[in-house]
Structures are given as C-alpha cells and as structure tokens.
Amino acid sequence: MSSRFSQLDDNARLRHLITLDGLERDLLEELLQRAEQYVSRAGQLPPRSAALAGWTVANLFGEPSTRTRASFELAAVRLGADAINLDMALSSRAKGESVLDTIRTLEAMQVDVFVIRDAEPGLHEQVARQVGTEISVISGGEAHISHPTQGLLDALTIRQIKGSFDRLVVAIVGDIRRSRVARSAHRALVTLGVPELRVVAPREMMPDAEEFAGARRFESLDEGIAGADVVMMLRIQRERIAGAEPIDLTAYRRNFGLTAARLVHASPQAIVMHPGPMNRGVEIASEVADGPQSVIRRQIANGVAVRMAVLEHVADARRKRAQ
Ligand code: CP
C-alpha cells in the first residue's frame, strides 16, 4: 500500500479494508468481538440484522473462490443488503472493458461496497482511490499479498478455541512465499500478540528474508510443528507458479504433508487449520483434515461472521461520517 493512501477515515474507522498492515490491535479486537455476535451456534444461522438495509454489495471476483465469495454474499444478505456477484471472467472485462469502467458501471447502479478478489497487485488500492467518496472497497484477496478477512477469521477461530493469543506457538506450513493467507494471518497474529510464529516450508517456498519479520523459519515439518499449539496448513499456489516449473508432489507430500503420524510432534492439544481449498493427500491427509484436531469447518463458518462484522463496521463508519 502506498504511503499516501489510508484505508481509515478521519475517525480512525475503516472506510476500506485492503490489508491488515498498519491496523491497531484495538481495531482488530473490536472486529473479532463484533464477529463473535454473528457466530453460528450449533444448528443455527447467525442472527440476521438490518444493518445494511438499502445497501448494495458487489462481489467482483477475478480469481476462483468458493468460501470467500459465498460468505461475503451470505454476510451481505444476512445484514439486509442486496448482493451482486460478478464472475469477472464472464463479465464485460472479457470483452476488453477495464476494471475501472466495470466499477463505474456498477457505481451508476448505486453499489455501496465493492468486494474484490484479483491477481493484480495494487488493483484494490487503485479502485479505492477512484470510487466515490462514500463507497468502500474490501479485499477478498489480492494476488499473493493480502487476504484480510481470512486473517481475521483465522484469528477468531484461534481465539475461540485457545481463549487468548498469549503464549501460543503458531506454525504456518507450506507455500508461504506465494500465500496471501499466510501474510494476513501473520500480520493479524503478530498484532494480536502471538509470541511465537513459525514459517515452515521447503527452501523454494520460503518468503524473502525481509518478510515475516520475527517469525522463526524451519525447513523441516517435524521440527517446525514441534510443540506447536496451532498448525496452519497451506496449499501449493500452483496458479502463481511461473511457467511450467515442475513440482515434485511425491517429495512434497513426503516432506511436508501433514499426517496423523506427524501431527504427534505438535502439542497434544494442537488445532489444525487450513484456509481451503485443500489438496487432500498432498499438504494434508484426510485423517487429519477430518480428524478430531481439525477446526477447518469452524474456520468456514467463522468466515460468514467475520465478513458480517467487516461490512457492518464500514456501514457504521459511513453513518458516523454523515452525522
Ligand atoms: N480461503 C479462501 O480464500 O477460499 P476460497 O478461495 O474458496 O475463497
């Protein structure tokens, strides 16, 4: 994010949410607290509200998504908003229309919030700079850089189960170099006070040295998850691998695939997370993904609650600015 752009308004509330970088702990905790109100109890949908009645939320997804897109739509509808879902590959972008012209077109239809996922770094900020003064841009994923609502839902899930972030050891395992999930989880968890973060990856999937400041680096899965309270597994981001660079999946599975036998290295109370989509049998075995330590389904459910909280926050911030 460039230095002159701020996603906060003059009241230090979110007008946009493009990254968790630079956000204060109090604000993240407030969002988690707000999300907690919307968490589904067993067999129940989150309570509905009319917080976004009369609003329109447009989901513009230029990369594939199941969880993020569906949960932003559910979040908008449960808050009383109208939701538009545009698959950018099937939009007029395919006929040469620029993203900004697409935005202008939807602005003319009175869209209030754009949720954008795109592979182009910087696109979210570019759009945020150009939309009307009361329109918000929320990232549903930016290239390998940022996935802020995923970072929040991961933090919420950890807090629900572990109670607090103090004294936790969190190991993020896999294709860290190309993972926006890892970057946003790292940022959220550092801000919220996790004392020990680890990145665990083969050398070619390690981030550059200046990234993930403070995280311990491991090139061995068993050492990297030893005693960990949270093990967050990542998929190999094949779509971000240039050209036809081959990946030896057999070696990857052998060295970095999480099986029940390897999970014994973590704390006995460790939870296993995965943002999805999973490549079962590659980075995670089904016995772990569906096992007693997995909280993957809970992460998915929390995604709706977190996105409701973020949408409600930007709506409240706008009302406050209008007063
Ligand atoms: N975790 C995540 O972003 O999943 P989707 O790609 O399915 O949205």
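**Entry 1: domains**

I took contact to mean heavy atoms within 4.5 Å. The model I examined is a predicted one. I first looked up how the protein is divided, and found domain 1 (25–147 + 301–322) and domain 2 (149–296). I then noted the separation of their C-alpha centres, which is 26 Å.

**Entry 2: the interface between the domains**

I asked how many residues of domain 1 are in contact with domain 2. I found 28 residues on the side of domain 1, and these meet 26 residues of domain 2. For the area buried between domain 1 and domain 2, I recorded about 2200 Å², with 56% of it on carbon and sulfur atoms. Within domain 1, I noted that L32, H144 and H147 lose the most area to domain 2; together they account for 30% of what that side buries.

**Entry 3: polar and charged links across the interface**

I looked up the salt bridges between domain 1 and domain 2 and recorded three. I also examined the side chains of E36 and R159, which meet in a salt bridge at 3.7 Å, N to O.

I next asked which elements each supply at least two residues of the side of domain 1 that touches domain 2. I listed helix 1 (25–36), helix 2 (67–78), strand 3 (113–118), strand 4 (136–142) and helix 11 (296–322). Helix 1 gives the largest share of that side, eight residues. By class, I recorded eleven nonpolar, eight polar and nine charged residues on the side of domain 1 that touches domain 2.

**Entry 4: the ligand site**

I looked up what surrounds the ligand and listed P64, S65, T66, R67, T68, R117, H147, Q150, P275 and G276. H147, in this list, is also one of the residues of domain 1 that lose the most area to domain 2.

I then checked individual distances to oxygen atoms of the ligand. For S65, I recorded 2.6 Å from an N or O atom in the side chain to a ligand oxygen. For R67, a polar backbone atom is 2.9 Å from an oxygen atom of the ligand. For R117, a polar side-chain atom lies 2.9 Å from a ligand oxygen.

**Entry 5: salt bridges overall**

I recorded a count of 25 salt bridges. One pair I looked up was E30 and R13, whose side chains meet at 2.4 Å, N to O. I noted that E30 lies in helix 1 and R13 in the segment before helix 1, so this pair ties together parts that are 17 residues apart in sequence.

Notes
Residues numbered from 1 in each chain as written. Predicted model: local features only at pLDDT ≥ 70, side-chain atom pairs only at ≥ 80, totals over all residues. Heavy atoms only, no water. Domains from an automatic or database assignment. Buried area = accessible area lost by both parts, 1.4 Å probe. Salt bridge = Lys/Arg side-chain N within 4 Å of Asp/Glu carboxyl O. Helix = DSSP H or I, 4+ residues; strand = E, 2+ residues; numbered from the N terminus. Nonpolar A, V, L, I, M, F, W, Y, C, P; charged D, E, K, R; others polar. Near = heavy atom within 4 Å. Polar contact = N/O pair within 3.5 Å; in protein donor to acceptor, adjacent residues only side chain to side chain.
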